[in-house]
Amino acid sequence: MGRRRRRQPDPADAARALPEAIAALSRTLPAAPSPEIFRRAKFDRPEAAPALWRLLFHVLSPLSADSASVSFTLEAQVRWVKSVLHSQGYPRLALVQLQDDGSQGGRELLLALAWLLARGPLPERLLTQSHVRLGDEMPVCECEALASPGPPAPRVEAEGSVDIRHLQWLMGKLQLRWRNLMAGQQEQCALLGKNPWQRIFCSTRLSWNLSGLQLLLLCGTCPPADLPAPQTQIHSYTRGCHSDRSLGHLSVTETELLRDPEGGRQLLQRLETENARLEAALEWRHRELVFWRWMDTVLDTCPLEASPPTFLPRIPEPGAGAAGLPVRELQALQEELQALQEELRKAVEARRAAWQAAVGGHGPEWRAARRALQVAVAQDLAALQWAWEQGKGQARPHGPRRLVRTEARVPGRLGLWATEATEALRAREACLEAMLHQLQGQCRQELARLVGVRPGLIWVPPPAR
Amino acid sequence: MSIVTVQLGQCGNQIGFEVFDALFNDSHCPGGLCSKRENEAYQASCKERFFSEEENGVPVARAVLVDMERKVISQTLSKAARSGRWKYGQHSCFCQKQGSGNNWAYGYSVHGPRHKESIMNLIQKEVEKCDSLSGFFIIMSMAGGTGSGLGAFVTQNLQDQYSSALKMNHIIWPYGTGEVIVQNYNSILTLSHLYRSSDALLVHENDAVHKICAKLMNIKQISFCDINQVLAHQLGSVFQPTYSREGSFHYRRNPLGDLMENLVPHPEFKMLGVRNIPQMSENSLAYSTFTWAGLLKHLRQMLISNAKMEEGIDWQVRPPLSGLPPLGKMSVNKETHFNTSIANLVILRGKDVHSADVGHHRALKRVLCAVRMFSPVICQCQSPKFILLKKGKIKTLVLVAKRNPCTSM
């Protein structure tokens, strides 16, 4: 037996650590470029910028944007990334001032990526979003849908006047598509409960022509609804087949896996890619430190910026002639806006000083009022606390749950009855409907008010549905 | 998804019978150009839409028959039962004794409220038999009393009770020189009510269909039966299962949904028309050959010149070029009869459907107001009897949304 050599820290290892860390990061994130691009970006090389813009776009947009058939140009992606980063509170102004064509700014993009990574568990969140689901799932709440920023709304170039009838047409089309989607979903639910082996050809593709919807000025796009191949009452028919005893039966995906070898192979591929990404994520967590040290050096190479506290819209360079006129006006407006903001700040300070003086002068009266206020606030807080504790007994469901048909009396460790979940969803639906009615009432009042403003006009309201 | 048919009045019931007969015969006709598996898929899809299964295996039409007289309904029921291949449900009909006397108000204000419960119960039972409801198809005429008055009432009630289901009313435009004196009043009243409560109005004109029978089908003594058969042929071509152009793997599930989405999204434009080509008697079928290009060309010209059949098309009508002044300000000499339609849907059925090229009809895009493509649909080939055109990307062809309702009375 040879003497076991003590491992010396190999200098070559240190040199390799950084690229390996970045490679792990690339493998975890969707559409990530190679470590070489990262290195080039540090030195602000132009070829690195487009790749990083695309990476940021894929990281920030929710899953649905990936599978959308519409592909966004680099410019559109750049604009969208800037707006999302700004809305999330990204502090560096230099990113916003980068060109829209995405040709420069590799270093700033690196900093933005690092900022996103530092804020929260980004790779883990992305992996959860693209998780391969094997069970029949039922979404129980919509927290995730609400939290993520919507997919990018494509820019609409308003050429002159907008044809209101065209808008009505598009709105009607959207409404009808929603109705068709609801009908399709209801059909799917109905068929899930049918007798086994009844041959119903319920496969369909509700194909959503997103290019048609691109013209809509709404932010959300309708997600594609893909009904899987023939569904029967698989849950009861495959009782006892599952290797996992707690589940007991197969789901639709698993049954399809057994029936259709091609589909099974594709599912396997997807699982393998997901595994690879998970392993990369683990590796990334181990090697993170090296990356952050390197990011420090990137930050050092950036020039310091004295950023003004407000965000002003970017005005393109003034051109000569008539084309430049509106731009010059915009410039003038911008200067005016800045001056107004200065004035406002001064006025606010003056007011605040005056109020302080007034407050100090009032004496016991004011102090009594303040005490009463504090007592009221404390009571409110106590009431909220009490309400929260009352409600804590019912486990608030979150995220999609796998549907399992079971004879057991008690739901498992993490389970809850479908009835409870549907009750919670119904309550939420009732809440939202009440809110909708209230908002509709407000709109109607507003319309009535507008009608009263111009007595000469005759308003024909739309037929009540 | 299933469609529940409501047959109202004498006209509605007679047409309804022919429609179901045509649908059933088409889906069960032997031969055809497809493999056995495709045939079975077609049959199953058609069956799911229009028929429900009963114990002894005879398909039962998903229909509710309503009339204020007994005679027509009993005739319809017996005709269906006689064929032995399909039938109407025993308890799916509602009839009274006294009739409506061609009086719209009698149908709407007297019969309607009086018999509302029974009729809506019947419809509810049909709806419950469906796994999933695509919508309602209501067949009625505008000239009589029951079809028009009671039809308007029933549609309104369907709107109230099933607000999420789609409704298509199939209305028969009476002969210009019709028998009923008050048909004009009946028609106007019906249309105004239907425009509010229905989603789409599919119009068939008696005059046009009569001409088709006379000129194209070469029928000497044209009876209502012949007219109804032509109507049923056209309707069947629309409602039989179709693929979409992109993916011809499965049949599209929601026929009414597809039609509505593509043709009537705008709340003000609801009237539809059907143009079918070629339309001919079975005897002539053996002596004719068709090409897709020829058929499409004829169909396009039929559309823009507002011709209802493929004979006597005015080939002079052209879509106005973009250089000319807009349509509203045409000079008196150049009175063009260009038919403006807002949306069109093409259904193609037959051999070599994929070779049909609808591309060169883009010229119409400029003129019609701002309508983009719809999801294209190509139908699977079955009996060559049904040859319709249904496609997206281009305007023209089968279904046309008209701008001006009630252009002629």
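Biologist: Let's start with chain B. How many helices and strands does its secondary structure come to?

Modeller: Chain B comes to 11 helices and 15 strands. Keep in mind that this is a predicted model.

Biologist: Noted. What share of the residues in chain B is buried?

Modeller: Of the 409 residues in chain B, 58% are buried. As for the surface, chain B exposes about 17000 Å², and carbon and sulfur atoms supply 52% of that.

Biologist: And what share of the contacts in chain B comes from residues 24 or more positions apart?

Modeller: Counting contacts with a separation of 6 or more, 79% are between residues 24 or more positions apart.

Biologist: Let's look at strands. How many residues of strand S4 of chain B are buried?

Modeller: In strand S4 (residues 63-67) of chain B, 5 of the 5 residues are buried, so the strand is largely enclosed by the rest of the structure.

Biologist: Which way do the side chains of S4(B) point?

Modeller: B:Ala63, B:Leu65 and B:Asp67 point one way, while B:Val64 and B:Val66 point the other way.

Biologist: Which strand pairs with S4(B) over 4 bridges?

Modeller: That is strand S1 (residues 2-8) of chain B, and the pairing is parallel. B:Val6 stands opposite B:Val64 there. S4(B) also pairs with S6(B), again in the parallel sense, over 3 bridges. In that pairing B:Asp67 stands opposite B:Cys95.

Biologist: There's an open sheet in chain B too. What is the strand order?

Modeller: The order is S2-S3-S5, 3 strands with mixed pairing. Strand S2 (51-52) and strand S5 (87-88) are the edge strands, each pairing on one side only.

Biologist: In what sense do S2(B) and S3(B) pair, parallel or antiparallel?

Modeller: Antiparallel, over 2 bridges, with S3 of chain B covering residues 60-61. The bridge partner of B:Ser52 in S3(B) is B:Val60.

Biologist: Switching to aromatics. How many aromatic pairs are there over all chains?

Modeller: There are 18 aromatic pairs over all chains. One of them is A:Phe57 with A:Trp80, an edge-to-face pair at 5.4 Å centre to centre with 70 degrees between the planes.

Biologist: Why does that pair tie together separate parts?

Modeller: A:Phe57 lies in helix H3 (residues 48-60) of chain A and A:Trp80 in helix H5 (residues 74-88) of chain A, so the pair ties together parts that are 23 residues apart in sequence. Both A:Phe57 and A:Trp80 are buried.

Biologist: And what is the geometry of B:Tyr108 and B:Phe153?

Modeller: B:Tyr108 and B:Phe153 are edge-to-face, 5.9 Å centre to centre, with 85 degrees between the planes. The pair links distant parts of the chain, 45 residues apart: B:Tyr108 is in helix H4 (residues 104-129) of chain B and B:Phe153 in helix H5 (residues 146-161) of chain B. B:Tyr108 and B:Phe153 are both buried.

Biologist: Which residues form the aromatic cluster in chain B?

Modeller: B:Phe17, B:Phe20, B:Phe24, B:Phe50, B:Phe51, B:Trp86, B:Tyr88, B:Phe137 and B:Phe239 form one cluster.

Biologist: Which residues touch the most other members in the largest nonpolar core?

Modeller: That core has 54 residues, and those touching the most other members are B:Phe20, B:Phe50, B:Trp86, B:Tyr88, B:Met168, B:Phe239 and B:Met260. Leaving aside neighbours within four places in sequence, the contacts of B:Met260 include A:Leu176, B:Leu166 and B:Pro265. Another core lies apart from it, with 41 residues, among them A:Trp284 and A:Phe291.

Biologist: What lies over the face of B:Tyr195?

Modeller: B:Lys270 does, at 5.6 Å from the ring centre.

Biologist: Last topic, loops. Where is B:Asn102 found?

Modeller: B:Asn102 is in the loop between strand S6 (93-95) and H4 of chain B. Its phi is near 55 degrees, a positive value in a residue other than glycine. Most residues other than glycine have a negative phi.

Biologist: How far apart are B:Pro267 and B:Arg196 in space?

Modeller: They are 9.1 Å apart, C-alpha to C-alpha, and 71 residues apart in sequence. B:Pro267 sits in the loop between helix H9 (255-263) and strand S11 (271-273) of chain B.

Terms used. Residues numbered from 1 in each chain as written. Chains lettered and ligands numbered in written order. Predicted model: local features only at pLDDT ≥ 70, side-chain atom pairs only at ≥ 80, totals over all residues. Heavy atoms only, no water. Phe/Tyr/Trp six-rings, centres within 6.5 Å; stacked < 30°, edge-to-face > 60°. Buried < 20%, exposed > 50% of the residue type's maximum accessible area, 1.4 Å probe, protein only. Lys NZ or Arg CZ within 6 Å of the ring centre and 35° of its normal. Pairing = 2+ DSSP bridges. Contact = heavy atoms within 4.5 Å. Areas by Shrake-Rupley, 256 points an atom, 1.4 Å probe, with all protein chains shown as cover. Core = buried A, V, L, I, M, F, W, Y, C linked by side-chain atoms within 4.5 Å.
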